[in-house]
Amino acid sequence: MFSIPENWNELTLKEKQEARINSWALAPIEFASPEAEQGYRKRTQMLKDVIQLKKPERVPVIPWWGIYPAEYGGITVQEAMYDYEKLGDAWKKFNADFVPDGLVSAALIGPGKAFDLLDVKNYHWPGHGTPADTSYQCVEGEYMAADDYDALIVDPSNYFMRTYLPRVLGAMGPWQMLAPWTDIIELPFVGLTLIPAGIPPVQQAFKTFLEAGQAIMEWISAVGPIDGASIAGLGLPSTIGAFTKAPFDTLGDTLRGTRGIMLDMYRQPDKLIAAMERLVPIAIEMGVRGATSGDNPLVFMPLHKGADGFMSNQDFEKFYWPTLKAVLLGLIEAGTVPYLFAEGGYNQRLDTIVDSDIPAGHVVWMFDHTDMKEVKKKLGGWACFGGNVPGSLMKAGTPQEIESYVKQLIDDVAQDGGYILANGAVLDDATPENVHAMIEAGKKYGVY
Amino acid sequence: MSQQLVDAITGMREEDALKITKELLEGGTSPFDILGACSTAMDVIGGRFEKGEAFIPELILAGEVLTQISDMLKPVMDDGEGQAAEKLGKIVIGTVEGDIHDIAKDIVAFMLEINGFDVTDLGVDVPPAKFVEATKETGATIVGLSGFLTLAYDPMKETVAALKGAGLDDVKVMIGGGQVDEQIRAYTGADAYGRDAMAAVTLAKQWIGG
């Protein structure tokens, strides 16, 4: 937990960021060895340097992994989601064998049992629509109907509890019978508001909810020590303090689906924009809360539907960017560091995202199919950046090809610091030789 | 042909397009002329997409307008009367086994269709055997494999092998998706890959000689 100092409101943005980074970097962890402690301090220092656009001791190497650690560890994804001992063996082995500069966390995989109990409808996962060795995948749909905008805008939490969640969590279907908590404004309303809580299907929904909570407690009790072992044993800092999303993606991924939101851009643009604006403070609070409770300033934001090709630049500037920018400014204001993962191409968006309202040295941008020399030209001296090593190369390339790709990338864009070596898109598949080649090449050619 | 209707569709004015269609029908315009206007409009939008002037929202909205206009025309069209437009060739398309992403695949199918191909869309999570079966059944000469995840690489490779193993060596296979490039084309043994929907159309036209 990051404890907010008393003079917080008097601090500058830089001082707030510094306070959060230092708290994370100096975390009182019981390391397994002096080497592990030294490694942790060195890695957090490298990250601090690149965030603040300085030259670190060497380029930090922080690939972004999906479910490849399962395959590497000889288990299926299904086993990783349900058998936490196997999950732990695989993820600890992955971290120990490859030693990247950031923890590969086991926390993003499960808990399968809770998903079963809750009857999650908007995802497929192994045993529930996808094969045992495949990652979980989103089932897009209009879980929020086109005419639900007003309800969402008036009270997003109420909308989530009584409309959205009953649609996507089968076991929570009866929650649609609940009354809004905001009805409880005088004593008699306690009784009246809670009448639905006595209805048998609602009672059953809450019983299942508690069972899921139990399953989640079993999972996190296992996952905490798994990640903890890699942090304390190897000195790998966690590079995800919290999650949040761009409001356009919350609506486009989670609520309306791609088709729905793209039609809304034409059919009801004002409502769409109002809804995104409504989600801004919620997205900021989610990121800041996670960063504070986890004592880690990095707020991970996967960006989806603003990539090149999804919409025109004009629409990007009208629909995608303004509320994303507002979230970034809110996160920066709180001293956290947004860590943006821009999959796909962002070549057409670079001029827009280099926005003069966003202060230099407060954001990390990771790219995929984006021209990194252009990125360097436009983001250099303004934001830390990285990414781009192709997933295709990691799967079908040779270690020699990967070494020369990484060397070239570092030669091209890393010379002034403010740079992280990473792959471009979530990697679910690769070969061990290629993973070694990428990480070793980064460590070899990335020394300043 | 109604230029007004073409302009409404290409101008993304959905309500106007539907209103004009209604007026045209009431005024006795032949449903085939209306369909002709729709087809012209789709060519314009396809051309803009090709040039990077139209994007996914425009394709989705235009598709939606087209569906609504077709629904309005159905009651006034005799089933047998429809002049089956000459198709350039048959294509089977789908997202490979284990991957359920459909947005990009749907756009490719849509662009192929408006460019005159007869497209059989097998949906998502399609096993190799189903591609083989559908290719044989339809007599398609082109198969399109889509995949978003890096996990799609191996199923693509297996599907290419299954097609060849079933004696469909002459069938051309194109692959595409977020993380697909020349390296993955070589890895899977596909004939070509495409970065976007227009690349799929260009490839299909080359292969079919259209």
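Between chain B and chain A an area of about 2700 Å² is buried, 60% of which comes from carbon and sulfur atoms. Of the area that chain B buries against chain A, B:I100, B:L151 and B:Q183 supply 21%, more than any other three residues. This is a predicted model, and the totals for chains and interfaces use all residues, whereas side-chain atom pairs count only at pLDDT 80 or more. In terms of contacts, 28 residues of chain B meet 38 residues of chain A.

The polar side of this interface comprises 15 residue pairs in polar contact between chain B and chain A, with both residues at pLDDT 80 or more, and the count of salt bridges between the two chains is four. A:R267 and B:E14 form a salt bridge in which the closest N and O atoms are 2.5 Å apart. On the side of chain B that touches chain A, at least two residues each are supplied by α4 (56-73), α7 (153-165) and α8 (182-188) of chain B, and α4(B) gives the most, with seven residues. The residues on that side of chain B divide into 13 nonpolar, seven polar and eight charged.

In soluble globular proteins, nonpolar side chains tend to be buried together. Leaving aside residues up to four places away in sequence, A:W365 touches a set of residues that includes A:L303, A:W321, A:L340, A:Y346, A:I353, A:W382 and A:F385.

Over all chains, the count comes to 40 salt bridges.

| Pair | N to O distance |
|---|---|
| A:R256 and A:E142 | 2.7 Å |
| A:D253 and A:K245 | 2.6 Å |
| A:E403 and A:K444 | 3.1 Å |

The salt bridge between A:R256 and A:E142 links distant parts of the chain, 114 residues apart, with A:R256 in the loop between α11 (247-255) and α12 (257-267) of chain A and A:E142 in the loop between β3 (137-138) and α7 (149-154) of chain A. A:R256 is classed as buried because its relative accessible area is 2%, while A:E142, with a relative accessible area of 42%, is partly exposed.

For the pair of A:D253 and A:K245, the relative accessible area of A:D253 is 11%, so this residue is buried, whereas A:K245 counts as partly exposed at 21% relative accessibility.

The side chains of A:E403 and A:K444 also meet in a salt bridge, and this pair likewise links distant parts of the chain, since A:E403 is in helix α18 (residues 399-413) and A:K444 in helix α19 (residues 432-445) of chain A, 41 residues apart. A:E403 counts as partly exposed, at 29% relative accessibility, and A:K444 is exposed, with a relative accessible area of 53%. Through salt bridges that share partners, A:E140, A:K245, A:D253 and A:K305 are joined into one network.

Key
Residues numbered from 1 in each chain as written. Chains lettered and ligands numbered in written order. Predicted model: local features only at pLDDT ≥ 70, side-chain atom pairs only at ≥ 80, totals over all residues. Heavy atoms only, no water. Contact = heavy atoms within 4.5 Å. Buried area = accessible area lost by both parts, 1.4 Å probe. Polar contact = N/O pair within 3.5 Å; in protein donor to acceptor, adjacent residues only side chain to side chain. Helix = DSSP H or I, 4+ residues; strand = E, 2+ residues; numbered from the N terminus. Nonpolar A, V, L, I, M, F, W, Y, C, P; charged D, E, K, R; others polar. Buried < 20%, exposed > 50% of the residue type's maximum accessible area, 1.4 Å probe, protein only.
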